[in-house]
Amino acid sequence: MAQKAVVLVVEDEPLIRFTTLDALEEVGHQVLEAGSADEAMVLFGNRSDIDIVFTDVNMAGSMDGIQLAQRIRAIRPSIGIIITSGVVSLDPMLLPANTVFLPKPYQHDMLLSSIHDMMPS
């Protein structure tokens, strides 16, 4: 039986967020959702059980998904981070260490595979 993760999905586009939530819940992951990086930081501050953060890059608010990932990585170095974007030319050097990048549009099985790979065995 594969391990189940607590995944925080940070996506400002409701339709994409909902379909991603459905795909993750369907395979048994516990999913939290945020519509912005600021909302995600509040959730992250209140929950110590989040295993993986899956965030879009371009969002309204005080920070984008890369800044969110860097902040979260600084607070909890062991957390899994998956970043997605429709911006194809994302410099890997901008990403925090041990971060997976999934270009949009991504397949849900690619996301699930990335989450699986990040879970401790």
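Start by selecting isoleucine 50. Leaving aside residues up to four places away in sequence, Ile50 touches Val6, Leu8, Leu32, Leu43, Phe44, Arg76 and Ile79. Keep in mind that this is a predicted model.

Now widen the selection to the core around Ile50. The largest nonpolar core has 23 residues. Colour Leu8, Val10, Ile50, Leu68, Ile72 and Ile83: these touch the most other members. Which elements give two or more residues to this core? They are β1, β2, α2 (37–46), α3 (65–75) and β4 (80–85). In soluble globular proteins, nonpolar side chains tend to be buried together.

Next, pick out Val9, Leu102, Leu111 and Met119. They are among the 14 residues of a second, separate core.

Move on to helix α1, residues 14–26.

Show the side chains of Arg17, Thr20, Leu21, Ala23 and Leu24, the buried residues of α1. Look down the helix axis. The buried residues fall within an arc of 165°, so they line one face of α1. An α-helix has 3.6 residues a turn, so residues three or four places apart point the same way.

What do the buried residues of α1 pack against? Select β1 (6–10), β2 (30–34), β3 (52–56) and α4 (108–118) to see these partners. Then turn to the other side of α1, where Leu15 and Glu26 are exposed.

Last stop: glycine 28, which follows α1. Check its backbone: phi is positive, near 100°.

Methods. Residues are numbered from 1 along each chain as its sequence is written. This is a predicted model: local features need pLDDT of at least 70, side-chain atom pairs count only at pLDDT 80 or more; totals for chains, interfaces and linings use all residues. Side-chain values use heavy atoms; hydrogens and water are left out. Helices (H or I, at least four residues) and strands (E, at least two) are DSSP runs, numbered from the N terminus. The expected span of a helix is 1.5 Å times one less than its number of residues. Buried means under 20% relative accessible area, exposed over 50%, partly exposed in between (1.4 Å probe, protein chains only). The arc is that of the directions from the helix axis to the C-beta atoms. Contact means heavy atoms within 4.5 Å. A nonpolar core is a set of buried Ala, Val, Leu, Ile, Met, Phe, Trp, Tyr and Cys residues joined through side-chain atoms within 4.5 Å.
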